[in-house]
Amino acid sequence: MNPQELDLDPETLAAQRAARALLKHDTKILTVTFFVFIFLLFILYKPLPFTLALLPPFLFIFYVVNIWRQWNALIVHKLRCPHCGERLAEHVHLLYSPSSKCRHCKQPALASTSQLEKTE
Ligand SMILES: [Zn+2]
């Protein structure tokens with residue numbers, strides 16, 4: 001076993017895998033939406049300076065949506081810390097991404113992608 005792997009019970013692993021699957025699914029939707037928006041922006045608004053001025057707000061919106069969906073995956077699947085049992089997220093914070101460590105006991109709480117995929 002990799003020393004960096006977390007020792008998680010099957011139920012926690014399944015919940016983390018489900019959260020990861022939700023994130024993967026959301027990533028596809030977000031990526032397609034992003035490129036459709038960018039494409040429409042350049043098609044509908046011909047003046048280049050105006051189009052370029054709209055890019056930063058679009059990028060900011062996608063940045064915030066990206067953070068929101070990470071918190072949402074933790075909340076929807078009610079992920080709990082394997083060490084202290086506390087919920088990993090109860091509220092969405094739009095200014096920063098959730099950490100892989102528990103905010104209560106500061107222990108690593110989320111399995112790495114490789115661990116989740118290896119035991120699938
Ligand atoms: Zn904890």
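Let me begin in the loop between H2 and helix H3, residues 113–118, where Lys 78 lies. Helices here are DSSP runs of H or I with at least four residues, strands are runs of E with at least two, and both are numbered from the N terminus. Lys 78 is not a glycine, yet its phi is positive, at about 50°. Lys 78 counts as exposed, with 12 C-beta neighbours inside 10 Å. On that term: a residue is buried if 20 or more other C-beta atoms lie within 10 Å of its own, exposed if 12 or fewer, and partly exposed in between, with C-beta atoms placed from the backbone.

The loop between H2 and H3 also holds Lys 106. Lys 106, a residue other than glycine, has a positive phi near 65°. Lys 106 counts as exposed, again with 12 C-beta neighbours inside 10 Å.

A word on provenance. This is a predicted model, in which local features need pLDDT of at least 70 and side-chain atom pairs count only at pLDDT 80 or more, while totals for chains, interfaces and linings use all residues. Residues are numbered from 1 along each chain as its sequence is written.

I turn to the overall fold. The protein has three helices and zero strands, and its elements run α-α-α from the N terminus on. The radius of gyration is 18 Å, well over the 14 Å that the globule rule gives for 120 residues, so the protein is more spread out than a compact globule. That radius is taken over C-alpha atoms, and the rule is 2.2 Å times the number of residues to the power 0.38. Along its principal axes, the C-alpha trace spans about 55 × 30 × 25 Å. Of the 120 residues, 11% count as buried.

Next, the helix pair. The axes of helix H1, residues 10–44, and H2 come within 10 Å and cross at roughly 170°. That makes H1 roughly antiparallel to H2, a label for angles over 145 degrees. Axes are lines fitted to C-alpha atoms, for helices over the stretch in contact, and angles run from 0 to 180 degrees between N-to-C directions. Residues of H1 that meet H2 include Ala 19, Leu 30, Phe 34 and Phe 37; on the H2 side, Phe 58, Phe 62, Ala 73 and Leu 74 are among the partners. Contact requires C-beta atoms, placed from the backbone, to lie within 7 Å.

Which residues make up the largest nonpolar core? There are 10 in all: Ala 19, Ala 73, Leu 74, Leu 79, Cys 81, Leu 88, Cys 102, Ala 109, Leu 110 and Ala 111. Such a core is a set of buried Ala, Val, Leu, Ile, Met, Phe, Trp, Tyr and Cys residues joined through C-beta atoms within 7 Å.

Ala 19, in helix H1, counts as buried, with 22 C-beta neighbours inside 10 Å. Leaving aside residues up to four places away in sequence, Ala 19 touches Ala 73, Leu 74, His 77 and Leu 79. Ala 19 and Val 76 are 57 residues apart in sequence and 7.9 Å apart in space, C-alpha to C-alpha. With that sequence exclusion, Leu 79 touches Ala 15, Gln 16, Ala 19, Leu 74 and Leu 88.

Finally, is Tyr 63 buried or exposed? Tyr 63, found in helix H2, residues 48–76, is exposed, with 11 other C-beta atoms within 10 Å.

Methods:
Two residues are in contact if their C-beta atoms, placed from the backbone, lie within 7 Å. Angles under 35 degrees count as roughly parallel, over 145 as roughly antiparallel, 65 to 115 as roughly perpendicular and the rest as oblique.
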